[in-house]
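The following questions and answers examine a protein model. Please look at the model before reading on.

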There are 2 protein chains.
Amino acid sequence: MIEITRPTLVVDKKKCLQNIEKMANKAADFKLRFRPHFKTHQSAKIGEWYREYGVNAITVSSVQMAEYFAGHGWDDITIAFSLNIREIKNINRLAEKIKLQLLVENTEAAEVLAEKIKYPVEVWIKIDTGYNRTGIISSNSYYIESVVNKITQSSKLTFKGFLTHTGHTYYASSTDEIFSRHFDALLKLRSLKQQYRFKFPDVEISMGDTPAASIATSFDGVDEIRPGNFVFYDLMQHSLGVCRLTDIAVKVVCPVVAKHLLRNEVIIHGGAVHFSKDEIINIDGKAMYGRIIIHKGEEKVMLDQMNYLSKLSQEHGTLKVAHNQFHNFEIGDLVEIVPVHSCLTANLMGHMRATDGELIEMMPKY
Amino acid sequence: MIEITRPTLVVDKKKCLQNIEKMANKAADFKLRFRPHFKTHQSAKIGEWYREYGVNAITVSSVQMAEYFAGHGWDDITIAFSLNIREIKNINRLAEKIKLQLLVENTEAAEVLAEKIKYPVEVWIKIDTGYNRTGIISSNSYYIESVVNKITQSSKLTFKGFLTHTGHTYYASSTDEIFSRHFDALLKLRSLKQQYRFKFPDVEISMGDTPAASIATSFDGVDEIRPGNFVFYDLMQHSLGVCRLTDIAVKVVCPVVAKHLLRNEVIIHGGAVHFSKDEIINIDGKAMYGRIIIHKGEEKVMLDQMNYLSKLSQEHGTLKVAHNQFHNFEIGDLVEIVPVHSCLTANLMGHMRATDGELIEMMPKY
């Protein structure tokens with residue numbers, strides 16, 4: 001291992017491979033196309049890890065990310081973000097080279113796309129199944145039909161089907177609620193599939209979220225899943241009951257720089273520019289930004305929930321440490337922090353290290 | 001101007017220069033050394049903008065950032081982060097080349113530093129004046145004395161004085177509270193200066209925060225100020241009453257991708273990976289992540305506070321838009337978002353554009 005001197009995101013390849021294998025097997029069992037979302041890791045090297053599990057089609061969250069992965073040998077990419085018509089030039093450049101799938105959710109964008117696209121692309125209609133972020137409400141048949149009509153006006157565009165991101169599973173307060181939201185979304189999409197099957201026999205439905213993809217036990221009628229976070233998992237997924245703590249494949253290793261015994265706090269180098277400000281609520285009702293793993297001799301021990309990353313400023317992190325654990329922290333020690341939201345943490349860090357110290361590069365910021 | 005197709009951080013150089021000039025003049029008026037914090041912009045090019053106002057000494061928040069700016073011609077740098085003893089190798093490399101100032105707040109770090117430093121450096125003792133993040137509580141004379149003793153054991157180390165970051169001014173609920181916290185900190189540091197003046201005639205005190213540096217009207221006894229955020233300012237500083245909206249020098253330009261009339265929401269490409277999740281509370285009691293500027297013909301108009309960036313996921317932003325403004329948003333439009341916390345936004349974006357389109361590079365992430 002390299003010598004760690006400053007906050008470093010370390011990824012456990014073995015755990016990632018286990019997570020990928022498990023999800024790939026699940027997709028195979030349910031006869032689903034597995035099109036993992038690569039926004040979680042944004043890394044060409046980690047992308048290669050999926051290959052041995054038969055993955056050859058991926059999902060990304062921006063045109064820029066599609067360009068990055070297309071440049072690293074991926075030739076079947078869905079940009080799972082509603083079409084930004086300002087990027088049509090770059091989209092045409094991509095569509096010339098690879099099999100590209102786009103999302104459309106309004107007639108304005110569909111019209112511009114139909115008019116300006118120069119190469120064949122497949123188009124999903126983005127459906128809002130209850131997350132209420134964006135997409136067409138599934139019951140809005142009239143508007144869905146208008147968008148389908150715009151798409152089919154162009155010989156370059158193939159209407160692929162209906163896609164949703166059931167992002168409200170991230171805010172579920174129990175696994176039952178994840179199931180409820182998943183099945184509700186599933187029924188909505190399946191109903192659309194039924195309506196359009198006569199006119200478009202190949203119409204498909206695609207679902208996306210890691211919580212449901214991890215624990216749901218039926219995907220009847222679904223053609224494709226696009227989870228992303230599962231490759232790393234994180235405390236948020238653990239708190240949802242979707243993964244075990246031992247499945248989490250990323251940690252931020254941080255040096256201890258100060259101790260404040262009177263208020264039971266330990267200061268680490270590791271702040272908002274490393275973790276992001278995404279939080280979960282801890283058992284004490286306070287915001288938590290990470291759990292703590294310490295070294296005891298050769299052993300690594302995860303401390304209980306009364307010890308946690310409790311505050312973040314730009315570069316500083318504050319660990320709330322129970323009185324009986326305080327002696328385990330010394331100035332200059334390294335602690336490992338399990339992050340709340342691995343996607344945002346990886347995005348902030350800009351690169352990672354494998355457990356053997358190997359550098360894992362990520363998509364550059366421009 | 002270049003064609004903007006995706007979320008782009010645009011910096012108004014003219015406003016930055018005005019902000020720098022104003023702060024430089026204020027420092028001169030009060031006979032303070034002006035050592036601006038460069039963590040806000042992390043950019044060699046923007047760093048050059050300070051030169052014409054006589055700035056030749058700077059503050060940074062990490063050893064890595066010191067290395068970056070030392071590589072761009074800055075030879076007098078304070079690393080305003082309590083010494084991380086694991087970085088001693090890089091610190092020695094820096095100290096060989098430039099005039100370096102470090103912060104120490106415990107005997108453990110002071111001891112390692114005294115033992116391992118190979119070149120002359122100046123050392124500040126980091127004092128906690130009420131922010132309660134880190135540093136030695138100012139009244140803890142016994143411990144302060146122990147740290148000073150450790151420092152003076154090495155002929156390479158010069159004890160410089162007492163430094164604080166009055167970060168609790170960021171959480172003030174009125175400008176009076178900013179004054180109160182500033183003067184309280186000032187009195188604490190001045191008392192320490194008095195105590196040590198006999199033994200160390202050149203002992204100095206250094207203060208840091210943008211809110212007090214912007215509005216305080218006395219710095220009696222202070223030798224140096226280290227504000228950073230003021231170069232850009234942001235909504236948080238505006239909400240504190242520290243700057244005008246027109247002083248804010250950065251905006252994130254974002255394309256509109258969807259409209260949801262039924263819930264008065266507009267979706268932009270621009271999310272947590274562009275803005276950070278730092279929020280302020282809006283007049284409606286809800287979290288706000290940015291204010292909105294739209295184009296009306298040639299004119300730019302900032303909408304009132306009932307129109308704002310109200311939700312963020314990884315790449316999506318949701319604008320809450322008043323019913324009577326809804327018609328001003330069209331798919332494909334660009335809107336400008338004034339960010340809540342410019343430091344974290346710049347850090348996330350990784351690069352900026354000047355208003356004339358010129359690329360402004362920032363410190364690489366590794």
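Q: How many residues of domain 1 of chain A are in contact with domain 2 of chain A?
A: This is a predicted model, in which local features need pLDDT of at least 70 and side-chain atom pairs count only at pLDDT 80 or more, while totals for chains, interfaces and linings use all residues. Residues are numbered from 1 along each chain as its sequence is written, and chains are lettered from A and ligands numbered from 1 in the order in which they are written. Two residues are in contact if their C-beta atoms, placed from the backbone, lie within 7 Å. On the side of domain 2 of chain A there are 10 such residues, and on the side of domain 1 of chain A the number is 13.

Q: Which helix gives the largest share of the side of domain 1 of chain A that touches domain 2 of chain A?
A: Helices (H or I, at least four residues) and strands (E, at least two) are DSSP runs, numbered from the N terminus. Helix H1 (13-29) and helix H2 (44-49) of chain A each supply at least two residues of this side. The largest share, four residues, comes from H1(A).

Q: How far apart are the C-alpha centres of domain 1 of chain A and domain 2 of chain A?
A: The bounds, which come from an automatic or database domain assignment, are 13-231 for domain 1 of chain A and 245-361 for domain 2 of chain A. The distance between the two C-alpha centres is 33 Å.

Q: Why does the radius of gyration of chain A agree with that of a compact globule?
A: The radius of gyration is taken over C-alpha atoms, and the globule rule is 2.2 Å times the number of residues to the power 0.38. For 366 residues, a compact globule would therefore have a value near 21 Å, and this agrees with the value for chain A, 22 Å.

Q: Which residues of helix H3 of chain A are buried?
A: A residue is buried if 20 or more other C-beta atoms lie within 10 Å of its own, exposed if 12 or fewer, and partly exposed in between, with C-beta atoms placed from the backbone. The cover over the buried residues of H3(A) includes H2, strand S3 (58-60), strand S4 (76-82) and helix H4 (88-97) of chain A. In helix H3 (residues 63-70), the buried residues are A:Val63, A:Met65, A:Ala66, A:Tyr68 and A:Phe69.

Q: Is A:Tyr366 exposed or partly exposed?
A: A:Tyr366 is found in the segment after strand S21 (359-361) of chain A. Not counting residues up to four places away in sequence, A:Tyr366 touches B:Gly350 and B:His351. Because A:Tyr366 has 14 C-beta neighbours inside 10 Å, its class is partly exposed.

Q: Which element gives the largest share of the side of chain B that touches chain A?
A: In this interface, 45 residues of chain B are in contact with 46 residues of chain A. Elements that give two or more residues to the chain B side include strand S11 (250-260) and helix H11 (342-349) of chain B. The largest share is five residues, and it comes from H11(B).

Q: What kind of axis relates the two copies?
A: Copies are superposed by least squares on the C-alpha atoms of residues with pLDDT of at least 70 in both. A rotation of 180° with 0.0 Å of shift along its axis superposes chain B on chain A (RMSD 0.0 Å). The two copies are thus related as by a two-fold rotation axis.
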